[in-house]
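Here is a short tour of some strands, a loop and a few charged pairs. Keep the structure open beside you as you read.

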Amino acid sequence: RTNCDGSAWADRGLGRYWAIESTILPMLSIRASQFRCIALAALLCGASAVVHAAASTPPIVFRHLGAEEGLLQSTVMATAQDRQGFIWLATEDGLYRYDGYVLRRFGRDRETRNGLAGNFIWDIQPDRAGNLWLAVRNGGVVRFDPQKEIFHAYRHDPADARSLSSDAVRQLLVAADGKIWIATTGGGLNALDPRNGAITRYRHDAAIAASLSSDVVTALAEDR
């Protein structure tokens with residue numbers, strides 16, 4: 001190990017260490033007890049520096065956003081930041097975009113077929129392409145293009161086994177390979193390929209021990 005004056009410390013074994021000075025060729029043997037005193041002094045100096053840095057750090061100031069700023073629903077279920085820097089808020093009354101100054105709301109439009117099927121949004125996840133994926137309560141999954149402001153919905157269709165297994169979507173996960181994993185409360189787990197819209201279902205099957213233990217999935221995480 002090297003200390004602040006350029007000296008290097010090497011373990012010699014038997015509780016003794018070499019102190020190798022950068023400007024002196026001979027090696028000086030130092031006992032372990034002396035080394036521990038030096039190490040303790042260095043640790044205390046480091047702790048003092050950390051306390052001083054913490055004391056000089058400016059306080060964190062919280063700014064509140066509410067009805068006066070345009071946030072009509074204060075129950076925020078999830079937040080995300082896109083690559084443009086905008087902050088997106090998933091609420092019980094629609095999707096909000098915050099640019100640091102102004103809030104803008106995106107809500108359900110009954111006249112738009114592929115719009116939001118509801119205003120209660122459980123989760124929001126950005127992908128690498130710049131899209132936002134929304135988990136809408138009892139409204140399936142919605143892909144939102146914030147540049148074009150276009151919504152595209154993925155819903156459950158009882159007549160189509162390739163559709164979502166349930167519209168009761170609770171949480172989303174954008175995996176490293178680009179797939180969208182969808183947790184539902186009653187329809188198990190779904191995997192959506194955004195390249196072609198193909199959906200794979202994973203359900204509980206009492207006859208298959210290796211299937212999901214339950215069709216109620218409320219949280220997702222990707223391992224390494």
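In this predicted model, β12 pairs with strand β13 (residues 180–184) in the antiparallel sense, and five bridges hold the pairing on record. Within it, Val174 has Ile180 of β13 as its bridge partner.

**The four-stranded sheet**

- The pair belongs to an open sheet of four strands, which run in the order β12-β13-β14-β15 with antiparallel pairing.
- Which strands stand at the edges? They are β12 (169–174) and β15 (198–202); each has a single partner strand, so one side of each is left without a neighbour in the sheet.
- On average, neighbouring strands of this sheet are turned by 20° against each other, with direction ignored.

- Asp127 sits in the loop between β8 (121–126) and β9 (132–136).
- What does the side chain of Asp127 have beside it instead? A polar atom of this side chain lies 3.0 Å from the backbone nitrogen of Gly130.
- The backbone nitrogen of Asn131 lies 2.8 Å from a polar atom of the Asp127 side chain.
- Leaving aside residues up to four places away in sequence, Asp127 touches Trp133 and Val174. Val174 is the residue bridged to Ile180 in β13.

**Salt bridges**

- The count comes to six salt bridges, and three of them are worth a look here. In general, side chains of opposite charge can pair when their charged atoms come close.
- Glu149 and Arg104 meet through their side chains in a salt bridge of 2.6 Å, N to O. This pair links distant parts of the chain, 45 residues apart: Glu149 is in the loop between β10 (140–145) and β11 (150–154), while Arg104 is in strand β7 (residues 103–106).
- Both ends of that pair are partly exposed: Glu149 has 35% relative accessibility, and Arg104 has a relative accessible area of 34%.
- Asp167 and Arg155 form a salt bridge at 3.0 Å, N to O. Asp167 and Arg155 each lie in the loop between β11 and β12, 12 residues apart.
- Is Asp167 buried or exposed? At 15% relative accessibility, Asp167 counts as buried, whereas Arg155 is partly exposed at 37%.
- Arg195 forms a salt bridge with Asp193, and their closest N and O atoms are 2.8 Å apart. Here Arg195 counts as exposed, at 75% relative accessibility, while Asp193 counts as buried, at 12%.

How values were computed. Residues numbered from 1 in each chain as written. Predicted model: local features only at pLDDT ≥ 70, side-chain atom pairs only at ≥ 80, totals over all residues. Heavy atoms only, no water. Pairing = 2+ DSSP bridges. Helix = DSSP H or I, 4+ residues; strand = E, 2+ residues; numbered from the N terminus. Axes fitted to C-alpha atoms, helices over the stretch in contact; angles between N-to-C directions. Polar contact = N/O pair within 3.5 Å; in protein donor to acceptor, adjacent residues only side chain to side chain. Contact = heavy atoms within 4.5 Å. Salt bridge = Lys/Arg side-chain N within 4 Å of Asp/Glu carboxyl O. Buried < 20%, exposed > 50% of the residue type's maximum accessible area, 1.4 Å probe, protein only.
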